Amino acid sequence: MDVSLFLRGLLIGFSIAAVIGPIGMLCIQRSLQRGFVPGLVTGMGAATADGIYGGVAAFGLTVVSTFLVGQQTWIRLVGGLFLLYLGSRVFLTRPAQQAARAGGSSLLGLYASTLLLTLTNPLTILSFATIFAGIGVGLGGHNSLTAALVTLGVFLGSTCWWLVLSAGASLLRERLTARWLLWINRLAGIALLIFGLLALISLIH
């Protein structure tokens, strides 16, 4: 058992999560509008998906990965449409309405939405598989315990990034006026709509 692989998994999970895309925009927007906990829960949905895909790559589950990549057209179609839906909701939502819905009962919905959205990008599994191949994980040279350690490292590394991002964004929350929050909603909504449109356009090619 090589504990250094856990540390590498930690770094890989953090690095992949740190790319600001649609999930990052959602985490920032929800942290600013609702606070630290909703923002962190949003990120945890993405961290869970990263852990799942990281686990598939680390354990060398080629049947699962081949199926996901083979069905990427339909999966990305669903993801693109979901991004358009989220983008329109964020764009049209006013700050006061966001705050009114910040109760604990909505946390599961925040978690599930980002979990499903992250899972609609099966190419993530190729990123993990490529990186793990470089460090010798998932190729049969290590046992299941090592693969589990790497998977745990990916999950915790991703979690660390979402913790930092949601905490940083929520610290700015009290300094922003309602007008600023409204414009943040609109900009975040437009960004999500663009991500959704790009996902759908990519299917044409």
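Modeller: Helices (H or I, at least four residues) and strands (E, at least two) are DSSP runs, numbered from the N terminus. The protein chain has 10 helices and 0 strands. This is a predicted model, where local features need pLDDT of at least 70, side-chain atom pairs count only at pLDDT 80 or more, and totals for chains, interfaces and linings use all residues. Residues are numbered from 1 along each chain as its sequence is written, and side-chain values use heavy atoms, with hydrogens and water left out.

Colleague: What share of the protein chain is buried?

Modeller: Of the 205 residues, 44% are buried, meaning under 20% relative accessible area, with exposed over 50% and partly exposed in between (1.4 Å probe, protein chains only).

Colleague: How many residues of α2 are buried?

Modeller: 10 of its 13, so α2 is largely enclosed by the rest of the structure. Among them are Ile 23, Leu 26, Gln 29, Arg 30 and Arg 34. Gly 35 follows α2 and has a positive phi, near 120°.

Colleague: And α7, what covers its buried residues?

Modeller: The cover includes α2, α3 and α5. Leu 110, Ser 113, Thr 114, Leu 115, Leu 117 and Thr 118 are the buried residues there. From first C-alpha to last, α7 reaches 18 Å, close to the 18 Å expected at 1.5 Å a residue; the expected span is 1.5 Å times one less than the number of residues.

Colleague: Pocket next. What volume does the largest pocket have?

Modeller: About 610 Å³. On a 1 Å grid over the protein atoms alone, a pocket is an open set of points with protein on both sides within 12 Å along at least five of seven lines, and lining residues have an atom within 4 Å of a point. Points are joined across faces, edges and corners, and the volume is the space filled by probe spheres set on the points.

Colleague: Which residues lie nearest its centre?

Modeller: Pro 22, Ile 23, Leu 117, Asn 121 and Thr 124, out of 25 in the lining. α5 gives the most to that lining, with 4 residues. The lining divides into 14 nonpolar, 9 polar and 2 charged residues.

Colleague: Last topic. How many disulfides?

Modeller: The count is 0, taking a disulfide as a pair of cysteine sulfur atoms within 2.5 Å.

Colleague: Is Cys 27 buried or exposed?

Modeller: Cys 27 is buried, because its relative accessibility is 0%. Cys 160, at 37%, counts as partly exposed.

Definitions and conventions: 1 Å grid on protein atoms, 1.4 Å probe; cavity = no way out; pocket = protein on both sides within 12 Å on 5 of 7 lines; lining within 4 Å. Nonpolar A, V, L, I, M, F, W, Y, C, P; charged D, E, K, R; others polar. Contact = heavy atoms within 4.5 Å.
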